[in-house]
Amino acid sequence: MAHRNSGIPRSAICVVIDRLSAGFIGAFGNTWARTPQIDRLASQSLVFDRALIDSPSLQQAYRGYWFGQHAASPSGDESRPSLMTSAAQQEIPSILVTDAAEV
């Protein structure tokens, strides 16, 4: 689907893998495990190999990802649209795949 004004198709992928070391990915220098699809995705992306979280609570960390709110902000203050809602408003197709019920 094209963005309203540009005519250029846009997409966004947010991948969060807890406890996967960047050292296991070929794009970060690993030579003993092949990761061609992740390497291809990384070559066309903005990539962070580390993330600092503002809370050891997984639920608060996820809230920070999806609502852009610091852990110290009042709980239940989701006045800002979520990442998924923002993507939909910009006509960026999105899907969430997770194994974490907290998400």
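Reply: The buried residues of helix 2 are covered by parts of the chain that include helix 3. Helices (H or I, at least four residues) and strands (E, at least two) are DSSP runs numbered from the N terminus. This is a predicted model, in which local features need pLDDT of at least 70 and side-chain atom pairs count only at pLDDT 80 or more, while totals for chains, interfaces and linings use all residues. Residues are numbered from 1 along each chain as its sequence is written, and side-chain values use heavy atoms, with hydrogens and water left out.

Me: Which residues of helix 2 are buried?

Reply: As a general idea, an α-helix has 3.6 residues a turn, so residues three or four places apart point the same way. In helix 2, the buried positions are Ala61, Tyr62, Arg63 and Trp66. Buried means under 20% relative accessible area, exposed over 50%, and partly exposed in between (1.4 Å probe, protein chains only). Over the protein chain, 17% of the 103 residues are buried.

Me: How many helices and strands does the protein chain have, and where is confidence lowest?

Reply: The chain has 3 helices and 0 strands, in the order α-α-α from the N terminus. Confidence is expressed as pLDDT, the predictor's score for each residue from 0 to 100. Its average over the chain is 78, and 84% of the residues score at least 70. Helix 2 (residues 58-67) has the lowest confidence, with a mean of 79, whereas helix 1 (residues 36-43) has the highest, at 90.

Me: How much space lies in the second largest pocket, and which residues are closest to its centre?

Reply: Rolling a probe the size of a water molecule over the atoms shows where empty space is left. On a 1 Å grid over the protein atoms alone, a pocket is an open set of points where a 1.4 Å probe fits, with protein on both sides within 12 Å along at least five of seven lines; lining residues have an atom within 4 Å of a point. The second largest pocket holds about 620 Å³. Its lining numbers 24 residues, with Cys14, Val15, Val16, Trp66 and Leu96 closest to the centre. Helix 2 and helix 3 (83-89) each contribute at least two lining residues. By class, the lining comprises 19 nonpolar (Ala, Val, Leu, Ile, Met, Phe, Trp, Tyr, Cys and Pro), 3 polar and 2 charged (Asp, Glu, Lys and Arg) residues, the others, Gly among them, being polar.

Me: How many aromatic pairs does a search of the whole structure find?

Reply: Rings of Phe, Tyr and Trp (its six-membered ring) pair if their centres lie within 6.5 Å; planes under 30 degrees apart count as stacked, over 60 as edge-to-face and the rest as tilted. The search finds 1 pair. Phenylalanine 24 and tryptophan 32 have ring centres 5.9 Å apart and planes at 85 degrees, so the pair is edge-to-face. Phenylalanine 24 is partly exposed at 42% relative accessibility, whereas tryptophan 32 is exposed at 64%.

Me: Which residues does arginine 80 touch?

Reply: Contact means heavy atoms within 4.5 Å. Not counting residues up to four places away in sequence, arginine 80 touches Phe67 and Gly68. Arginine 80 sits in the loop between helix 2 and helix 3 and is partly exposed, at 47% relative accessibility.

Note on methods
Points joined across faces, edges and corners; volume = space filled by probe spheres on them.
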